[in-house]
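Please keep the sequence and the model at hand while reading.

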Amino acid sequence: MNIMNRAEHYKQYFTKDYLMGPNSFCLLDELIRRNPYEARYDRTLDLGCGMALTSVFLAKETPAKSVYAFDLWVSATDNLKRIRDLSLEDRIVPIHGDALDMPFAQDWFDAIVSVDSYHYFGCKEGIFAERILPFVRRGGSVMIAVPGLREEPQGELRTLFETWAEGDDSLCFKTTGWWKDLLKKECGNQCNISVLEAECYDEAWEDWFNTGHEYGIRDMEFLSRGLDKLLNFVMIYVQKK
Ligand SMILES: C[S@@+](CC[C@H](N)C(=O)[O-])C[C@H]1O[C@@H](n2cnc3c(N)ncnc32)[C@H](O)[C@@H]1O
């Protein structure tokens, strides 16, 4: 199997009924592939899993024995239906909850993975070190893919960006440097940290536009007016020493 094309196996989900934004399958595929640290997946948390499709990818494409599909906006019962349809209920555990108040034992997970979700709750000092990292065992890793910025926007581009992101949401978009500084400050002495820019930018947006989702059509319009030069996807890797 060509490891570069794993997301392609999930093409039936590249529709407006399933995708919740830029193609999370390509983001997740790249996130896993480019992890600079050795990772174990036995017990993996899919943090902010949405419709649990990223959890399905983790169950099928990694050695995970159990994947915990954890989300706030989508109910566990709803996710269980999709998980059952794929006969994956022995591998994926759907859970409804808030990332800022997780019900797990400390040091439980080998990996925590989060795609297009962490920016909604994790852009503040203290969250990572106090609410996320404690649940990973020593030697385990956290892998996060979030939309972000190539640089801080100025002038007209700033106005365009803020109009697109509608006020407070613009505060969730940060540069790779911003994420690196935050994480180094929070856990630099107990973790290895690496922050990269994703390579699947065009593909992830294109697949989202092609769904015809009304938000996708709006995003396409704003990106074509200049936002495509400003945005990126940030890939964050933290390994607990
Ligand atoms: C754009 S969707 C992405 C879902 C999925 N990871 C994917 O890529 O298809 C963002 C998800 O983040 C979740 N989320 C936002 N804030 C959260 C929080 N505080 N705790 C848990 N999940 C949260 C939402 O419930 C939503 O499903």
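Predicted model: local features only at pLDDT ≥ 70, side-chain atom pairs only at ≥ 80, totals over all residues.

Is the crossing of α7 and α8 left-handed or right-handed? The crossing of these two helices is left-handed.

**Helices α7 and α8**

- Helix α7 covers residues 201–210 and helix α8 covers residues 214–224; their axes lie 8 Å apart, at an angle of about 130 degrees.
- On the α7 side, the residues in contact are W205, W208 and F209, which meet G216, D219, M220 and L223 of α8.

**Strand β1 and its burial**

- Strand β1 spans residues 43–47 and is mostly covered, with five of its five residues buried.
- R43, L45 and L47 point one way from β1, whereas T44 and D46 point the other way.
- Residues on both sides of β1 are buried.

**Pairing of β1 with β2 and β4**

- Strand β2, residues 66–71, pairs with β1 in the parallel sense over five bridges.
- Strand β4, residues 109–115, also runs parallel to β1, and three bridges join the two.
- D46 has a bridge partner in each of these strands: A69 in β2 and V113 in β4.

**The β-α-β unit**

- Helix α2, residues 53–61, forms a β-α-β unit together with β1 and β2.
- This unit is right-handed.

Terms used
Residues numbered from 1 in each chain as written. Buried ≥ 20, exposed ≤ 12 C-beta atoms within 10 Å, placed from the backbone. Helix = DSSP H or I, 4+ residues; strand = E, 2+ residues; numbered from the N terminus. Pairing = 2+ DSSP bridges. Right-handed = clockwise from strand over helix to strand, strands pointing away. Axes fitted to C-alpha atoms, helices over the stretch in contact; angles between N-to-C directions. Left-handed = near helix turned anticlockwise from the far one by under 90°. Contact = placed C-beta atoms within 7 Å.
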